[in-house]
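Good morning. I will talk you through one structure, starting with some backbone details and then turning to the pockets. Please have the picture open.

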Amino acid sequence: MALSFESARSMILGNMTTLPYESASLLDIVGRVLAEDIRAPWDLPRWSNSAMDGFAVRSEDCFSGQALTIDGYLPAGSSSSGISVEPGSAVKIMTGAPSPAGCNAIVPIEETEEKDGKVIITGQVKRGDHLRLQGEDVAQGELVIAAGTILRPAEINMLASFGYQSVTVIRRPKVAIVSTGDELVEPGEDVGPGQIINSNDYSIAAAVSEVGGEPILLGIARDDRESLIEKLTAGLQADALITTAGVSMGDRDLVCEVLQELGVERQFWKVDIKPGRPTAFGLKESTPVFSLPGNPVSSMVTFEEFVRPALLKMMGHQHVIKPFIKAVMKEATKKKPGRVQFLRVRIAKNGDHLLATSSGDQNTGILSTLLRSNGIAVLPAEREQIQAGEEVNIHLIAAPDDL
Ligand code: AMP
Ligand code: MG
């Protein structure tokens with residue numbers, strides 16, 4: 001009995017546990033999940049400062065044509081201690097320099113003329129102009145980034161501006177990848193009759209890296225018990241194991257059997273999807289094992305729909321299932337009832353909606369169709385046909401055209 005797509009995905013996600021945390025450098029945290037609350041150790045800005053190159057003034061001294069005596073200079077990086085703006089005077093100041101005592105506005109250089117040690121104000125000046133006030137961004141002690149936040153460049157800038165060099169984040173999963181098959185040779189090796197280059201290792205490793213995991217390539221296991229036992233035993237040391245091929249009905253498809261012998265409890269085998277029906281999922285204690293079909297398109301599509309959300313959950317993400325976007329099918333599509341079909345499509349903007357066009361031959365063996373796709377239309381299991389003009393759910397795998 002095959003499982004429905006939704007049940008299979010729920011079963012996987014229900015068994016994923018968040019990995020432990022570790023300390024990581026700011027250069028290695030983008031896209032990862034913060035595991036500690038960050039409170040501001042000081043005000044941001046730390047001191048009131050100038051937002052422009054210009055003159056620190058008392059706004060009440062300024063009206064158009066007024067000359068003020070230049071009494072001091074504050075370049076970026078200088079200290080304003082001992083410097084103050086006295087009535088009738090101004091202090092020359094550069095962007096970012098601390099604003100001196102007594103000043104309540106900055107006049108940008110463009111709105112002044114400098115002559116004989118004096119500055120002539122040519123524009124209007126209001127109290128507070130071009131001043132960045134101490135703590136106006138963040139106050140000392142404030143919770144600025146909560147545990148659970150996905151770290152983007154903006155969060156990383158905030159952390160660096162508070163002097164952090166490393167923070168506590170959820171660890172990246174080490175994901176072992178084992179390809180299986182007697183017909184496989186590695187890229188660069190001679191390809192004999194009937195042999196196929198192991199390309200899955202590279203697409204799966206790339207997909208693991210793309211979600212933030214660390215791929216570990218364990219190479220090819222042959223379709224015999226001894227070879228499978230060796231590779232799969234090594235693979236089970238990782239945080240997750242992905243195998244490709246050897247899960248169909250062939251008489252040499254031994255992956256599931258050997259996994260079971262190694263203590264992996266099968267949660268399911270076969271899902272009502274196309275492509276990817278023979279996908280299997282098991283657990284050795286809490287270590288997930290994803291057995292994906294060998295066909296390159298099937299392994300990539302099942303990675304996208306099952307493994308990607310699972311790895312994100314291990315990395316502490318909350319929203320792990322890609323949201324659907326809606327697109328209108330350009331042409332009618334026949335499908336096998338009883339299975340969710342993942343249709344490789346090209347999504348483009350068309351007036352006020354997105355249009356989905358089949359990328360070409362949907363046969364599982366046709367890889368070039370996937371290269372031409374920027375979306376996967378997830379067509380409901382019960383349907384036999386999708387009409388032209390019907391709205392369908394899309395998982396984007398790249399940006400739509402003409403946006
Ligand atoms: P299997 O699931 O073992 O029957 O494999 C299905 C198809 O995928 C066969 O045509 C295999 O040759 C192909 N295949 C299996 N493993 C790989 C791999 N690592 N790289 C590329 N193609 C593969
Ligand atoms: Mg095989």
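Where does Glu 285 lie? Glu 285 is in the loop between strand E20 and strand E21 (287-292). Before I go further, note that this is a predicted model. Glu 285 has a phi near 50 degrees, which is a positive value in a residue other than glycine. Glu 285 counts as exposed because its relative accessibility is 73%, and the cut-off for exposed is over 50%.

Ala 245 also has a positive phi, about 75 degrees, although it is not a glycine. You will find Ala 245 in the loop between strand E17 (240-244) and helix H5 (255-261). Is Ala 245 buried or exposed? Its relative accessibility is 15%, so Ala 245 counts as buried; the cut-off there is under 20%.

Next, the cis peptide bonds. One runs from Leu 44 to Pro 45, with omega near -10 degrees. Pro 45 sits in the loop between strand E2 (38-39) and strand E3 (49-50). Another cis peptide bond joins Lys 274 and Pro 275, and there omega is about 0 degrees. Pro 275 belongs to the loop between strand E19 (273-274) and strand E20 (280-284).

Now the domains. The domain assignment of the chain gives domain 1 (5-19 + 172-314), domain 2 (28-44 + 145-170), domain 3 (49-132) and domain 4 (325-396). Note that domain 1 is written as two stretches, 5-19 and 172-314, and domain 2 as 28-44 and 145-170. Taken over C-alpha atoms, the centres of domain 2 and domain 3 are separated by 35 Å.

On to the pockets. What is the volume of the largest pocket? It is about 440 Å³. The largest pocket is lined by 17 residues, and those nearest its centre are Ala 207, Glu 210, Met 300, Glu 304 and Ile 397. Helix H3 (200-211), helix H6 and helix H7 (368-371) are the elements that give two or more residues to this lining. By class, the lining of the largest pocket has 11 nonpolar, two polar and four charged residues. Domain 1 and domain 4 each supply at least three residues of the lining.

Let us stay with one of those residues, Glu 304. Glu 304 is in helix H6 (residues 296-314). Its relative accessible area is 16%, so Glu 304 is buried. What does the side chain of Glu 304 make a polar contact with? The partner is the side chain of Lys 322, at 2.7 Å. Leaving out residues up to four places away in sequence, Glu 304 touches Pro 309, Lys 322, Ile 376, Leu 396 and Ile 397.

Helix H7 deserves a look too. Leu 370 lies in helix H7, and Leu 370 is buried because its relative accessible area is 12%. Leu 370 is in contact with Val 297, Met 300, Arg 344 and Ile 397, again with neighbours within four places in sequence set aside. The C-alpha atoms of Leu 370 and Ser 359 are 7.4 Å apart, and these residues are 11 apart along the chain.

Ser 359 comes up again with Ser 373. Ser 373 is in the loop between helix H7 and strand E26 (375-379). With a relative accessibility of 8%, Ser 373 counts as buried. The side chains of Ser 373 and Ser 359 make a polar contact of 2.7 Å. A polar atom of the Ser 373 side chain also lies 2.7 Å from the backbone oxygen of Thr 369. Beyond four places in sequence, Ser 373 touches Arg 344, Val 345, Arg 346, Ser 359 and Ile 397.

Last, the second largest pocket, with about 190 Å³ of space.

Note on methods: Residues numbered from 1 in each chain as written. Chains lettered and ligands numbered in written order. Predicted model: local features only at pLDDT ≥ 70, side-chain atom pairs only at ≥ 80, totals over all residues. Heavy atoms only, no water. Helix = DSSP H or I, 4+ residues; strand = E, 2+ residues; numbered from the N terminus. Buried < 20%, exposed > 50% of the residue type's maximum accessible area, 1.4 Å probe, protein only. Polar contact = N/O pair within 3.5 Å; in protein donor to acceptor, adjacent residues only side chain to side chain. Contact = heavy atoms within 4.5 Å. 1 Å grid on protein atoms, 1.4 Å probe; cavity = no way out; pocket = protein on both sides within 12 Å on 5 of 7 lines; lining within 4 Å. Points joined across faces, edges and corners; volume = space filled by probe spheres on them. Nonpolar A, V, L, I, M, F, W, Y, C, P; charged D, E, K, R; others polar. Domains from an automatic or database assignment.
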